[in-house]
Amino acid sequence: MAGKNLNLTLKIWRQNGPAAKGQMKEYKVSDISTEMSFLEMLDVLNERLVREGEDPIAFDHDCREGICGMCSLMINGLAHGPSRRTTTCQLHMRSFNDGDTIYIEPWRAKAFPVIKDLVVDRSAFDHIMHAGGYISVNTGNAQDANEMPISTQVADHAMDAAECIGCGACVASCKNASAMLFVSAKVAHLGHLPQGQPERMLRVQRMVRTMDEAGFGNCTNTGACEVQCPKGISIKNIAKMNADYLRASLISEVKG
Amino acid sequence: MKLDSKVPAGPLAEKWDKHKFDLKLVNPSNKRKYHILVVGTGLAGASAAASLAELGYQVTTFNFQDSPRRAHSIAAQGGINAAKNYQNDGDSVYRLFYDTIKGGDYRGREANTYRLAQVSVNIIDQAVAQGVPFAREYGGYLANRSFGGAQVSRTFYARGQTGQQLLLGAYGALNRQIGLGNVNSLNRREILDVVLVDGKARGLIVKNLITGEMERYAGDAVLMCTGGYGNVYFLSTNAMNSNVTAAWRAHRRGAAFANPCYVQIHPTCIPVHGDYQSKLTLMSESLRNDGRVWVPRSQEMAEKLRSGQVKSKDIAEKDRYYYLEERYPSFGNLVPRDVASRNAKMVCDDGLSVIPDGEAVFLDFRDAIERLGKDVIESRYGNLFEMYQRITDEDPYSMPMKIFPAVHYTMGGLWVDYHLMTTIPGLYALGEANFSDHGANRLGASALMQGLADGYFVIPFTIGNYLADLGMKNKVTTDHEAFDKTEADVRAFNQRLLSVKGTRTVDDFHRELGKIIWNYCGMSRNKEGLEKAIGEIHKLREEFWKDVLVPGKEDEFNLELQKAWRVADYFELGETMVRDALQRNESCGCHLREEYQTEDNEAKRNDDDYAYVAAWEYKGEGQAPVMHKENLEFEFVELKTRSYK
């Protein structure tokens, strides 16, 4: 496990506020262990900036184990960096070489405005969820959990879609800044399950409508979202959502 | 300070049902006239907020991340316990209760723990109804796995992401209420103080982490669902931003803080690898179902391994020390967490560590892969193995994992009564933030259970009792002078931090504080070390207030200020933890005092003198806190020496 040390040039997006004009700024870092995570490398830089009296670089992060979905970052133009199925917090410096220049930018999408530096506002995702990302069951209403057997295949499909962490890499990777992969993951998760059937049509209509209102682009089946998704959410979910949406439009259940 | 647990009388199994009937109710049409402030949106907070809103209360939620879905409950991997007895293996509510009380080394409150076991069955039903995709058998029925400290299979799971799926279920329920306009969800906010009016919790002073502005919210009750305080150690399995500030500020305003020294050190985490390290990563306890824990039997062999002269796979069976299986034949690798952690430390202290610069033991899947095939192991733990490989660059299918204990969960927390109310009327604490259910050690897969039990099935009943007495007319608004005063206190505190303008960063202090607490108040403690720790904490705290460097201003996006107020609180908490460990002259659960252990190094309890909850009262900055006792009465369970042999 013994690592090497790297010297790197970082080009990082600095933007003081939502209305401020941003720019790429260059920082040199040295003696970065290959055993470090990418965010630990930024921690080291930030601690230096604080000591030097410069404003530390703002970036979102929390669990640092690849599950909360808080971290983001376009690293050399790729959402969450060069490793497949990996969030930025799980990306390690062993993926880079001594002397590399690394470009670090925020998610770029109209629906994800920059708050500061590398921090963006992803509340549009929450709004989509408010519109229908749930099964309407009050606490206490539930029947015994084993009353309704569900085949392992169905449960597995639902789980595959439910693994989405809501990070927004799909939007950031899409040339149209489309949120279809994110929305379809929730639609498919609940749509697969028997519990999700009563609201299936209503759900897809409401969620898609809210998605459109938030300013996300359309899907043109490029597939970049699936490639960059840290959880490997399949683009098949988009096809399923489109099918549901079409059905729902024919039935036209949505009200108000 | 008076500690009245308000545990209802009567037989254990009937207490909760009878109590629910005895509680006062709020008329359905009056519920919307009450406003409840919920701090934190993890399992406890999200489930409470959603359930209360469903009942008709007006709810406002606060969380520091950018979405409620990101709370650290999401990182729980292995599972959630429930006494469903779907496996027909002899489980029951009483057995889950008994295992939990015993697992906690008889330092939990009987009635709370029994209630937890009772409502556990409803949680699984609720989660399935919400669409949580638990693992299933081929017949379509729910699957279970085993966890430490139990001899039945009662743990429900969703691959290695049970916490994520349960949180997304609760988040869904919360979203529905947000969509319906019953919940106002405020992200990127941190609570900096609780506002008391006539001694009751009536509001919050809140920092908007984006704008830096101070905000005020008034309500009829406040729920602290803020998780644990493991980050006092700097390195832990907690999320980077998990912190004690909201709970600690409530403590400073009069809420007793109970059993702070009860900290769970999780046995299976990826070992520390460098000074720059920001956090530790846990590998689920479920891995101990199929993984075997071992170290080389002799120091000589361990040395050869560490220097690379032999590889783990070349070490013969007779030279492998499967210390848990040998020492605890009945429970084997599935002993409770405190026992597993302590044993890992012991073998490493004996010079048997398997890594050159640090401490680690093996968790080996070789035999399980031989027996079951790689496919089965992959289907059970695939995502965990992937995560391990991503972090360490080693393949756990072909070589054993290297693991070591790390700070994980805090059993201590705000003292609460049977209603989950703290010593401040109207202020409640739910989930990991309270102290009540796990005693001195929590069993695996019980944290998710407790968070959801409190939020879905306890608080919706108990809060009405308080609100009915409070009445609808007794309203407080944010222009009340108590808000002015409390906000002024918060601003003065932050100003003090900003005006030091010293030379050392907040992280620098935090790292050093964490080391003191880990060294003296970590996996094992002794009187001399604890006394030394108090002196060292005092010295470092003094230095902190003289030399900390917090750049920037109050009213702006200021990450360093945010870290600084959290660390300022950790200094006070750290000292109280150490004092708590010092006064408890016994070993129990996770709290191992070296002076009090049996011949084979097991925890030696002293039930005559220490069967109590230590609830600490804050006495002011720089003042020693004062301890109050709630005696634990065991009406139904006989106190025994815990044995997993």
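At what angle do helix H5 and helix H8 of chain A pack, and how far apart are their axes? This tour of a predicted model begins there.

Select residues 180–192 (H5) and 236–251 (H8) of chain A: the two helices pack at an angle of about 70°, with axes 8 Å apart. Axes are lines fitted to C-alpha atoms, for helices over the stretch in contact, and angles run from 0 to 180 degrees between N-to-C directions. H5(A) is therefore roughly perpendicular to H8(A) (a term covering 65 to 115 degrees). Helices here are DSSP runs of H or I with at least four residues, and strands are E runs of at least two, numbered from the N terminus.

Next, display the residues in contact, that is, with C-beta atoms, placed from the backbone, within 7 Å. H5(A) contributes residues including A:Met180, A:Leu181 and A:Val187, while A:Ile238, A:Met241 and A:Asp244 are among those from H8(A). The contact comprises eight nonpolar, three polar and two charged residues. Ala, Val, Leu, Ile, Met, Phe, Trp, Tyr, Cys and Pro count as nonpolar, Asp, Glu, Lys and Arg as charged, and the others, Gly among them, as polar.

Now colour chain A by domain: domain 1 spans 5–116 and domain 2 spans 122–251, with bounds from an automatic or database domain assignment. Their C-alpha centres are 29 Å apart. Domain 1 of chain A brings 18 residues to the contact and domain 2 of chain A brings 17.

Finally, show chain B: 65 residues of chain A are in contact with 63 of chain B. H1(A), residues 38–51, gives the most to chain A's side, with seven residues.

Residues are numbered from 1 along each chain as its sequence is written, and chains are lettered from A and ligands numbered from 1 in the order written. Local features need pLDDT of at least 70 and side-chain atom pairs count only at pLDDT 80 or more, whereas totals for chains, interfaces and linings use all residues.

Key. Contact = placed C-beta atoms within 7 Å. Parallel < 35°, antiparallel > 145°, perpendicular 65-115°, else oblique.
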